[in-house]
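Subject: Structure handover

Hello,

Here is the structure you asked to look at. Please open it first, then read the notes below.

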Protein chains: 2
Amino acid sequence: VAAKTQAKPTLGIVGVGLIGGSIGLAARRSGQFSRLLGTGRDRANLENAVRLGCIDEVAADLPALAEQADILVFCTPVDRIAEQILSVAAVCKPGALITDAGSTKAQLISLVEDDLPGDIEFIGSHPLAGSEKRGAEHARADLFDNRLTIVTPTPRTPADAEKRASEFWRSLGSRVMSISPAEHDQALALTSHLPHLVAAALAGLLPTEMREFTANGFRDTTRIAAGDPALWTPIFLHNHVELTDATLRLQRRLIEFSEALLAADEATLTRLLAEGKKVRDDLGS
Amino acid sequence: VAAKTQAKPTLGIVGVGLIGGSIGLAARRSGQFSRLLGTGRDRANLENAVRLGCIDEVAADLPALAEQADILVFCTPVDRIAEQILSVAAVCKPGALITDAGSTKAQLISLVEDDLPGDIEFIGSHPLAGSEKRGAEHARADLFDNRLTIVTPTPRTPADAEKRASEFWRSLGSRVMSISPAEHDQALALTSHLPHLVAAALAGLLPTEMREFTANGFRDTTRIAAGDPALWTPIFLHNHVELTDATLRLQRRLIEFSEALLAADEATLTRLLAEGKKVRDDLGS
């Protein structure tokens, strides 16, 4: 007598770029899903994603994907996620789990939770992985291996959603930590959004005629400035209060450097440089 | 009848770390030198440099190296180069060429030129290569391949010195450009010293408990903060006027960002990010 087995779930990926495509590849590697569906705006990229194995099929549209998926992951720009989730919540399967991979959390989660039907489980997520590159062509099955994914429960999050989302990210190779959306946005303002702002500010200062005088230092320090403004402007806007605060903290530090430079204050310069070195050495390569 | 051949010259490398060691390996690869001599403060590193083939022999001391070398390259911290050159100028071979690999030029060149004997040819150099790593163990024969070395003639530089130094760097694989020491220091303040300052400032802001929330963006942007303050404080002090100016320009740009963030000004944020992206895309990886 054959044992009854539960059918494997269907995964729906909304936005199959670097992150969404990597989720598909890692989900395929996990063997946990019967089917990987994807949707998005760029038809050529979706066809590429199928060819690369990031997804099995392109869903006709977002409602068609929502009707079939047991787990939905939204990997679209942060200014579109809440609206997209709410637009399909009514057609999702009962008990479907919805999460996202957005770089900001508080604003979009609050928008979603205000209007989400009760039989849908939702929790925000943010895998701390990625790069300045875009598109399924850069997706990698190991993108999340040993990286941290933050899940951000609120008092309104069903307990089961946190458990299911954590298991989902772990099945992709990630470590998982739970913190509140506000804690997430405060931390990421400093660890991700400010570095992007600084890289863009520094790159934007470089006159054309000085490009030939750049070497690895300039290139490393500005690398993430190559990220798409269409993704980053919404991130900056969603997190503008925390990011303004982080920018002001950096400015205070730059003033310390400027004053030490003007005074040719060797001890202070050495201390400021040593503080940076200690942190960077501790982070490892 | 055998043709008379000119003996190949001896190269003397003062400070056989990442840069000095790579000069040795690239000089060996070029086949232009009969002997590679090195000296420096760290005995274990020098022995390592011999073992790795960066140099043939460790000179007993700096005067012993100077007595034997036809070309001397000083790869020591910028606050020691002028003093070291002047300390051995009197014992150098007549017609010896002296250059250096320091990251700042105007101050040390002026110190050297004020006191250098007339039969020594001196010109400042700066190969735009390297990394946050230190020591001969990180030296590479191809470090200078297709990279730019800036040579910085002044009205007092013998014409032959510029030619000989340019040929020397080209024989190591480098491209070579001549600009004045002041132009060098102004350009490098923006393209090298400011990125280092920013990386150190950003890294220094990170509290211990937020380290786990860093990903590639923070790591790339702060990578060069791992550089040794013992090398970078003298660079900052030598170039403190230009670097202060570059820092103020960055601060103005950060204020533009802050104001746009506070006003939730999407158009300005997008413009600022797009300006940075354009420059970074043009630089290539």
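One term first. A polar contact is a pair of N or O atoms within 3.5 Å; within protein, one of the two must be able to donate a hydrogen and the other to accept it, and residues adjacent in sequence count only if both atoms are side-chain atoms.

Next, the ground rules. This is a predicted model, in which local features need pLDDT of at least 70 and side-chain atom pairs count only at pLDDT 80 or more, while totals for chains, interfaces and linings use all residues. Residues are numbered from 1 along each chain as its sequence is written, chains are lettered from A and ligands numbered from 1 in the order in which they are written, and side-chain values use heavy atoms, with hydrogens and water left out.

Start at B:Glu113. This residue sits in helix α5 (residues 106–115) of chain B. Helices (H or I, at least four residues) and strands (E, at least two) are DSSP runs, numbered from the N terminus. Is B:Glu113 buried or exposed? B:Glu113 counts as buried, because its relative accessibility is 14%. The cut-offs are these: buried means under 20% relative accessible area, exposed over 50%, and partly exposed in between (1.4 Å probe, protein chains only).

The side chain of B:Glu113 makes a polar contact of 2.8 Å with that of B:Thr154. Another, of 3.4 Å, goes to the side chain of B:Arg156. Contact in the plain sense means heavy atoms within 4.5 Å. Apart from neighbours within four places in sequence, B:Glu113 is in contact with B:Phe122, B:Thr154, B:Arg156 and B:Thr157.

**Chain A as a whole**

Chain A has 11 helices and nine strands. Its C-alpha trace spans about 80 × 40 × 35 Å along the principal axes. Of its 285 residues, 58% are buried. Take the contacts in chain A between residues at least 6 apart in sequence: 73% of them join residues at least 24 apart.

**Where the chains meet**

How many residues of chain A are in contact with chain B? The count is 80, and they touch 80 residues of chain B. The two chains bury about 7,600 Å² between them, 70% of it on carbon and sulfur atoms. Buried area is the accessible area (1.4 Å probe) that two parts lose on being put together, summed over both.

There are 16 residue pairs in polar contact across this interface, both residues at pLDDT 80 or more. On chain A, the elements giving two or more residues to the side that touches chain B are β8 (148–152), α7 (181–204), α8 (216–222), α9 (229–238), α10 (240–262) and α11 (266–283). The largest share, 15 residues, comes from α10(A). That side of chain A divides into 44 nonpolar, 20 polar and 16 charged residues. Here Ala, Val, Leu, Ile, Met, Phe, Trp, Tyr, Cys and Pro count as nonpolar, Asp, Glu, Lys and Arg as charged, and the others, Gly among them, as polar.

**The core**

A nonpolar core is a set of buried Ala, Val, Leu, Ile, Met, Phe, Trp, Tyr and Cys residues joined through side-chain atoms within 4.5 Å. Which members of the largest one touch the most others? Among its 128 residues, they are A:Phe236 and B:Phe236. Helix α7 (residues 181–205) of chain B gives the most to this core, with 13 residues.

Look at A:Phe236. Not counting residues up to four places away in sequence, A:Phe236 touches A:His193, A:His196, A:Leu197, A:Leu243, B:Phe257, B:Leu261, B:Leu269 and B:Leu273.

**Salt bridges**

A salt bridge is a side-chain nitrogen of Lys or Arg within 4 Å of a carboxyl oxygen of Asp or Glu. Four cross the interface of chain A and chain B. One of them joins A:Asp220 to B:Arg223, with the closest N and O atoms 3.8 Å apart.

Now stay within chain B. B:Asp228 and B:Arg134 meet at 2.3 Å, N to O. This pair links distant parts of the chain, 94 residues apart. B:Asp228 counts as buried at 19% relative accessibility. B:Arg134, at 45%, counts as partly exposed.

B:Asp281 and B:Lys277 also form a salt bridge, at 3.0 Å, N to O. Both lie in helix α11 (residues 266–283) of chain B, four residues apart, about one turn of the helix.

Best wishes
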